[in-house]
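Student: I am new to this structure. Please take me through one part of it closely.

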Amino acid sequence: MDNQAPMISVRNLWKVFGSNPEAIIGTPDALLSRQELRAKTGNTIAVRDVSFDVAPGEVFVVMGLSGSGKSTLVRCMTRLIEPTQGELRFEDEDILKVDDKRLRELRKTRFSMVFQHFGLLPHRKVIDNVAYSLEINGVGKADRHARANEVIELVGLQGYAQAYPEQLSGGMQQRVGLARALAVDPQVLFLDEPFSALDPLIRRDMQTEVIRLHHQLGKTMVFITHDLAEAVKLGDRIAIMRDGAVVQIGTPEELVAQPADDYVANFVRDFPKSHILTLRWIARKPEPSEDLSGPILPPNITVRNATRQIIESSIPIRVMENGNLLGVVTAVEVLHLISGQE
């Protein structure tokens, strides 16, 4: 991903709600807390000078607590909410500069959104809900139904094309929402807390479904959530937001191993490090006297999956990549990690 041109580039994006919002940006008022700014001017900064790139085929997760600005950010990225200032490029096109006609075209053919609330049309069968975006694009009935049947099968809803939404469970309804978003074969899927209203077991199944679809289709995804476990499970990289600003962007490993500040550290504190961190993060330089004839493990295996072999080995495990020794790991390093010691 690092060598590819980004699919999406966000630069210095702001969204200020209130009167004369442009006048806030670039002034000392922009540095005030939300409460202070609201008290002084009546304005609210929902997105504060946000910049990041999303690579083609990446699952980029934006995570934060309620009110952090994550949902406003994703709506700005699709211009459902107009940003106050900044740049938003989709490949080589500045989305903030396109006219309404071009924006409608992009939404119809290149972007799709999946929301927490399914938004299904209750009087239409599943096949017609899925085909709805194709219908408004002018695709004929036979062609749009053929495509709808393809994506209905893709999301695991075979046999339900003629059912109505009320006949489906919450998880099945969200599958219809996913199928509808995929029907136009978009380049980017925006998913705004799509599983928050689902029961935990159904939510877990839907997360697995997103992973399967991503592996199968390779779509670029921007996924919004307030749940760290969901972010870690789905995200190639995660952006953590607080009060409208991005606090840190990194892989799940980077966030757990190297939190940027106390806010991020508190976010990841209760997450089992051994489930996320790989041997790369705990391997240390061997001592001169240590036996280096021990078993070899790759650096990308999680500590959790390597723990039994490490503990059972009487000599250090060698962590090697491309024939190079990155370091060694013993039961001491594993126990330090599990017990929360540095």
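How do the helices α7 and α8 lie relative to each other, roughly parallel or roughly perpendicular?

Tutor: First, the ground rules. This is a predicted model, where local features need pLDDT of at least 70, side-chain atom pairs count only at pLDDT 80 or more, and totals for chains, interfaces and linings use all residues. Residues are numbered from 1 along each chain as its sequence is written, and side-chain values use heavy atoms, with hydrogens and water left out.

Now the pair. Helix α7 covers residues 170-182 and helix α8 covers residues 200-217. Helices here are DSSP runs (H or I, at least four residues), numbered from the N terminus. The two axes come within 10 Å and cross at roughly 25°. Axes are lines fitted to C-alpha atoms over the stretch in contact, and angles run from 0 to 180 degrees between N-to-C directions. Therefore α7 and α8 are roughly parallel to each other (angles under 35 degrees count as such). Their crossing is right-handed (the near helix is turned clockwise from the far one by less than a right angle).

Who makes the contact (heavy atoms within 4.5 Å)? From α7 come Gly171, Gln174, Arg175, Leu178 and Leu182. From α8 come Ile202, Met206, Glu209, Leu213 and Leu217. By class, this contact has six nonpolar, two polar and two charged residues.

Next, the wider setting. The largest nonpolar core has 62 residues. Such a core is a set of buried residues (under 20% relative accessible area, 1.4 Å probe) joined through side-chain atoms within 4.5 Å. Val130, Ile238, Ile240 and Leu279 have the most contacts inside this core. Helix α7 gives the most to it, with six residues.

Terms used:
Helices (H or I, at least four residues) and strands (E, at least two) are DSSP runs, numbered from the N terminus. Angles under 35 degrees count as roughly parallel, over 145 as roughly antiparallel, 65 to 115 as roughly perpendicular and the rest as oblique. Contact means heavy atoms within 4.5 Å. Ala, Val, Leu, Ile, Met, Phe, Trp, Tyr, Cys and Pro count as nonpolar, Asp, Glu, Lys and Arg as charged, and the others, Gly among them, as polar. Buried means under 20% relative accessible area, exposed over 50%, partly exposed in between (1.4 Å probe, protein chains only).
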